[in-house]
Amino acid sequence: MNVGVNVLSFLRNLEKRLKHTLSSSSVHPPPRRAAVALILRLRSSPPPSQLSTTNNNNNRDSSWFTSFLSGVKQDTQLEILFIKRAKRDGDRWSGHVAFPGGGVNKGEELQAAVIRETKEEIGLDLTESYKCLGRLPDRNASASLVVSSFVYIQTCSDTPSLILEPKEVDAVKWVPINLLKPTSKYPVHPPLPAILSTTASILGLLP
């Protein structure tokens, strides 16, 4: 993917689409809720150093994002983090590829849940060196479970070390966004696994 056109355009459109969505991040009502984090990072382009200490995840001022993108270089790649869940008997999501996150406790705010679950599962603190761009539309994972997805972007040049909880997560993988987007020159074949095609669709990478 050519970052000079596509990645910058993608990030600007994504930020514009999501920047007013955090107001709906409230304490969850029934039915059961889960919250997951779609975590993005830019490779080979150190973001402005002053952003590395910014931890106000609910900041509605988008001026930081303009400054952030001004430091992006032409060779930058955009990646998204996936996890492989640990295999556990009786777990319907055993061994699945997914995003970090999990169940929302009673009375817990959705965004607080995704921050807690991400820290527990992979040791990543989303309140440090990450900014929340917003919340994607909720999805029904089943008849009784609704999943809320929050998009975060890394604002420091080096990704913090990840510490996996072995009972929850077997592995993590950063996947280039351009691998999720089929083109006439580079079609995706075989078809994307469900989690990847769903990700591509909700991020606007598919028609």
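I took helices (H or I, at least four residues) and strands (E, at least two) as DSSP runs, numbered from the N terminus. On that basis I read the order of elements from the N terminus as α-β-α-β-β-β-α-β-β-β-α, with four helices and seven strands in the protein.

I noted that the model is predicted, with local features needing pLDDT of at least 70, side-chain atom pairs counting only at pLDDT 80 or more, and totals for chains, interfaces and linings using all residues. Residues are numbered from 1 along each chain as its sequence is written, and side-chain values use heavy atoms, with hydrogens and water left out.

**Whole chain.** I looked up burial (under 20% relative accessible area is buried, over 50% exposed, in between partly exposed; 1.4 Å probe, protein chains only). Of the 207 residues, 46% count as buried. For contacts I used heavy atoms within 4.5 Å. Among contacts between residues at least 6 apart in sequence, 75% join residues at least 24 apart.

**Glutamate 121.** I located glutamate 121 in helix H3, residues 110-122. Is glutamate 121 buried or exposed? Glutamate 121 counts as buried because its relative accessibility is 2%. Leaving aside residues up to four places away in sequence, I listed its contacts as Ile83, Arg85, Pro100, Gly101, Ile163, Leu164, Glu165, Glu168 and Val169.

**Serine 129.** I found serine 129 in the loop between H3 and strand S5 (130-142). Serine 129 is not a glycine, yet its phi is positive, at about 65°.
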